[in-house]
Amino acid sequence: MPESPHRTAGPARGAGAVPPAAPDLLRTALEDARSPRVPELGPYVPDRPFPWHAPVTANASELGAAIDLDRVLRLSLAAPVGTPGRLRPVPSAGALHPVRAHLLLGQGCSLPPGRYAYDPRTHRAHPRGPVPDGVPPGALVVLTVAASRTVAHYGHRAWPLLLLDTGHAAAALALAGAATSDVQVSLDADGSLLSAAAGLPDAPDWQNVWPGTEPELPLAAVLLTPSGGPSDIDPPLRAWAALPRASAPTPQPGADTTPPRELAAARHLLHHIAEAPEWPGGTWHPASRPARVTDEALEARRSAPPDDLKCPPGKELLALTLATARSVRPDGPDWTVAVGGAAPALYGAAPGGPGLGVRAMGDARPTLAHWAAGQQWIATSGAVLLAHGCREDASRATVRSSHLVAGYAAGATQAHATALGLRSRPIGSWQQADLGAALGDTPGRHWIVHGLVLGAPPTTPATPDTNAATSAPMPAVPPTASAAPAAPSGEEERP
């Protein structure tokens with residue numbers, strides 16, 4: 001695999017493309033998602049059946065296949081056995097699971113070459129079309145989001161969660177594939193090119209082309225190629241995009257009704273964020289997985305209940321997980337860890353070497369609980385890894401990368417934490433969480449984008465946690481003026 005990221009070219013956007021959104025649209029949406037405004041209750045959106053119904057193809061391995069898709073998908077996106085309704089070990093906000101995977105397969109995979117849609121409930125791939133000539137061996141996975149259920153549940157806060165969840169899904173695929181394949185990940189390829197490669201209509205045209213079906217917005221792609229092959233293979237997005245559109249999903253009642261205002265706004269915003277006409281092919285980064293992360297660790301990772309997250313991990317384990325979060329994708333937001341226990345503090349990476357460096361003394365967890373949609377259990381958690389950056393006037397490319405990379409890094413770090421014996425739980429929704437301003441830096445530059453709560457397995461009988469009572473809140477991180485109401489356990493916004 002190449003040691004540095006590389007880019008692939010792609011076709012220029014056509015004359016009929018959707019014009020750019022208003023310049024202030026993104027900033028307004030970002031301010032709104034970060035505000036204390038409570039989402040309005042939307043109409044209930046049912047979990048519709050999987051929309052592609054071509055004859056299913058079992059993911060059974062073929063003799064000599066270099067890429068075992070049965071294994072990769074089972075360890076990454078398949079619904080865990082015995083957990084009905086939860087499509088991944090680390091589910092999306094409210095178990096709504098918006099991310100879908102379209103498989104674009106060349107030779108060397110455990111399925112015949114062609115386009116497929118993957119159903120995580122049945123762990124089966126549904127054929128959607130042929131393969132273009134000259135595609136190199138390997139599997140290209142385009143990740144899309146179906147936004148309706150997440151928007152119905154979380155309103156104006158939904159679109160950042162959709163980005164975070166896509167990052168988690170990309171990390172799951174990369175971790176599962178990296179043991180036996182060379183893996184590259186793109187979190188910035190042009191959305192219209194990704195749609196065409198997956199055989200889907202462009203988002204603004206979807207309901208005209210396929211009425212009665214729910215639009216999917218592509219946000220990321222993962223490429224798996226046989227290990228030891230050429231290191232300079234360009235991801236074949238253009239070759240797949242040159243094919244005619246693939247088979248359509250099955251129309252479903254209600255899927256093509258006029259979308260509510262917030263759903264239409266979220267779809268428009270995500271399409272706008274995913275536009276990259278200046279370099280459609282995107283940037284592709286080689287991916288690996290931490291040495292301790294085994295297939296067993298990937299199978300074991302779960303979002304732990306809050307009561308299992310009260311014991312702070314040791315500093316050595318915290319330093320390892322912080323280093324993983326920072327190193328997975330250095331082009332993303334920065335990371336800090338808030339620690340409870342007898343000497344609560346905020347830590348960053350130690351300057352010039354491994355370990356932890358103190359950023360501030362005191363207990364930040366009560367303020368973090370306030371900022372994280374009022375989830376009060378965070379105030380007594382062991383430690384919280386925080387991804388922060390994405391300034392308030394960030395470009396659409398920065399907003400996209402900040403959230404996708406934060407989700408990707410949190411997914412990889414959670415797998416590493418599981419391998420280290422730690423419990424964990426991602427936290428996706430943050431309001432008024434300007435960490436930089438709270439620490440005395442320039443306001444508006446270091447907003448919390450994502451979080452991962454960590455806890456060590458208890459080694460002694462549980463005792464009442466007194467940290468919140470005995471440690472004064474950190475002066476550098478004062479509570480904000482208003483908070484969202486506390487969310488019940490298991491219903492908070494988190495990928």
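Predicted model: local features only at pLDDT ≥ 70, side-chain atom pairs only at ≥ 80, totals over all residues.
Two strands count as paired here if DSSP finds at least two bridges between them. Helices (H or I, at least four residues) and strands (E, at least two) are DSSP runs, numbered from the N terminus. Residues are numbered from 1 along each chain as its sequence is written, and side-chain values use heavy atoms, with hydrogens and water left out.

**The whole chain**

- The protein chain has 14 helices and 14 strands.
- Of its 495 residues, 58% count as buried; buried means under 20% relative accessible area, exposed over 50%, and partly exposed in between (1.4 Å probe, protein chains only).
- Take the contacts (heavy atoms within 4.5 Å) between residues at least 6 apart in sequence: 83% of them join residues at least 24 apart.

- S3 covers residues 114–119 and is mostly covered, with six of its six residues buried.
- Gly114, Tyr116 and Tyr118 point one way from S3, while Arg115, Ala117 and Asp119 point the other way.
- S3 and S4 make a hairpin with four residues between them, and His123 in the turn has a positive phi of about 55 degrees.

**A closer look at His102**

- His102 sits in strand S2 and counts as buried because its relative accessibility is 1%.
- Its side chain makes a polar contact with the side chain of Arg128 at 3.4 Å, and a polar contact of 2.9 Å joins the side chains of His102 and Glu216.
- A polar contact is a pair of N or O atoms within 3.5 Å; within protein, one must be able to donate a hydrogen and the other to accept it, and residues adjacent in sequence count only if both atoms are side-chain atoms.
- Leaving aside neighbours within four places in sequence, His102 is in contact with residues including Trp52, Tyr116, Leu140, Val142, Ala198 and Leu200.

- Six strands form an open, antiparallel sheet in the order S11-S10-S9-S12-S14-S13.
- The edges are strand S11 (356–361) and strand S13 (423–427), each pairing on one side only.
- From one strand to the next, the twist averages 25 degrees; axes are lines fitted to C-alpha atoms, for helices over the stretch in contact, and angles run from 0 to 180 degrees between N-to-C directions.
- Strand S9 (residues 334–339) and strand S10 (residues 345–349) run antiparallel and are joined by three bridges, and Ala338 has Leu346 in S10 as its bridge partner.
- Helix H10 (residues 315–328) packs on this sheet, touching S9, S10, S11, strand S12 (383–389) and strand S14 (447–455), and its direction makes about 160 degrees with that of S9.
- Helix H12 (residues 396–419) packs on the sheet too, touching S9, S12, S13 and S14, at about 10 degrees to the direction of S14.

- The buried residues of H10 are Leu318, Ala319, Thr321, Leu322, Thr324 and Ala325, and their cover includes S9, S10, S11, S12, H12 and S14.
- H12 is mostly covered, with 19 of its 24 residues buried.
- The end C-alpha atoms of H12 are 35 Å apart, which agrees with the 34 Å its 24 residues should span at 1.5 Å a residue; the expected span is 1.5 Å times one less than the number of residues.
- Just after H12, Gly421 takes a positive phi of about 90 degrees.

- Arg292 lies in the loop between strand S8 (283–287) and helix H9 (295–300).
- Its C-alpha atom is separated by 9.5 Å from that of Ala417, 125 residues apart along the chain.
- Not counting residues up to four places away in sequence, Arg292 touches Leu320, His416, Ala419 and Leu420.
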